[in-house]
Amino acid sequence: MNPERVREEVEKILRDELRWQGTVPDGGLDVHFDSLQRMSLVVAIEDHFHICFEPEDEESIRDFDDLLRSIVEKTGEQA
């Protein structure tokens with residue numbers, strides 16, 4: 001799965017799991033999602049991509065682009 005496909009899949013997860021409407025959020029994830037929404041998003045992404053985020057991964061993910069980079073790295077894709 002290429003990085004563009006990862007982005008499409010995460011956008012679908014946002015819509016399906018968090019009922020997100022509109023474009024992908026800009027800025028920090030914590031600005032757009034409360035802690036429960038963020039946890040739901042992480043769990044859905046882990047399940048979908050068969051990956052596991054470690055606490056240090058979660059600390060480095062500040063925005064949507066960081067999240068995508070981390071998924072791409074964990075799935076072995078090249079950014």
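A: Start with what a helix is here: a DSSP run of H or I, at least four residues long, numbered from the N terminus. Just after α5, glycine 76 has a positive phi of about 80°. Keep in mind that this is a predicted model.

Q: What happens at the start of α5?

A: There, a side-chain oxygen of aspartate 63 comes to within 3.2 Å of the backbone nitrogen of aspartate 65.

Q: Which residues are buried in α5, and what covers them?

A: Buried means under 20% relative accessible area. In α5 (residues 64–74), Phe64, Asp66, Leu67, Leu68, Ser70, Ile71 and Val72 are buried. Their cover includes α1, α2, α3 and α4.

Q: How do I describe two packed helices?

A: Give the angle between their axes and the distance between the axes. For α1 and α3, the angle is about 130° and the axes are 10 Å apart. The two helices are therefore oblique to each other. Their crossing is right-handed.

Q: Which residues of α1 and α3 meet?

A: From α1 come Val6, Glu9, Val10, Ile13, Leu14, Glu17 and Leu18. They meet Gln37, Ser40, Leu41, Ala44, Ile45, His48 and Phe49 of α3. By class, this contact has 9 nonpolar, 3 polar and 2 charged residues.

Q: Why does glutamate 9 count as buried?

A: Because its relative accessibility is 11%, and the cut-off for buried is under 20%. Glutamate 9 lies in α1. Setting aside neighbours within four places in sequence, glutamate 9 contacts Met1, His48 and Phe49.

Conventions:
Residues are numbered from 1 along each chain as its sequence is written. This is a predicted model: local features need pLDDT of at least 70, side-chain atom pairs count only at pLDDT 80 or more; totals for chains, interfaces and linings use all residues. Side-chain values use heavy atoms; hydrogens and water are left out. Buried means under 20% relative accessible area, exposed over 50%, partly exposed in between (1.4 Å probe, protein chains only). Contact means heavy atoms within 4.5 Å. A polar contact is a pair of N or O atoms within 3.5 Å; within protein, one must be able to donate a hydrogen and the other to accept it, and residues adjacent in sequence count only if both atoms are side-chain atoms. Axes are lines fitted to C-alpha atoms, for helices over the stretch in contact, and angles run from 0 to 180 degrees between N-to-C directions. Angles under 35 degrees count as roughly parallel, over 145 as roughly antiparallel, 65 to 115 as roughly perpendicular and the rest as oblique. A crossing is left-handed if the near helix is turned anticlockwise from the far one by less than a right angle, and right-handed if clockwise. Ala, Val, Leu, Ile, Met, Phe, Trp, Tyr, Cys and Pro count as nonpolar, Asp, Glu, Lys and Arg as charged, and the others, Gly among them, as polar.
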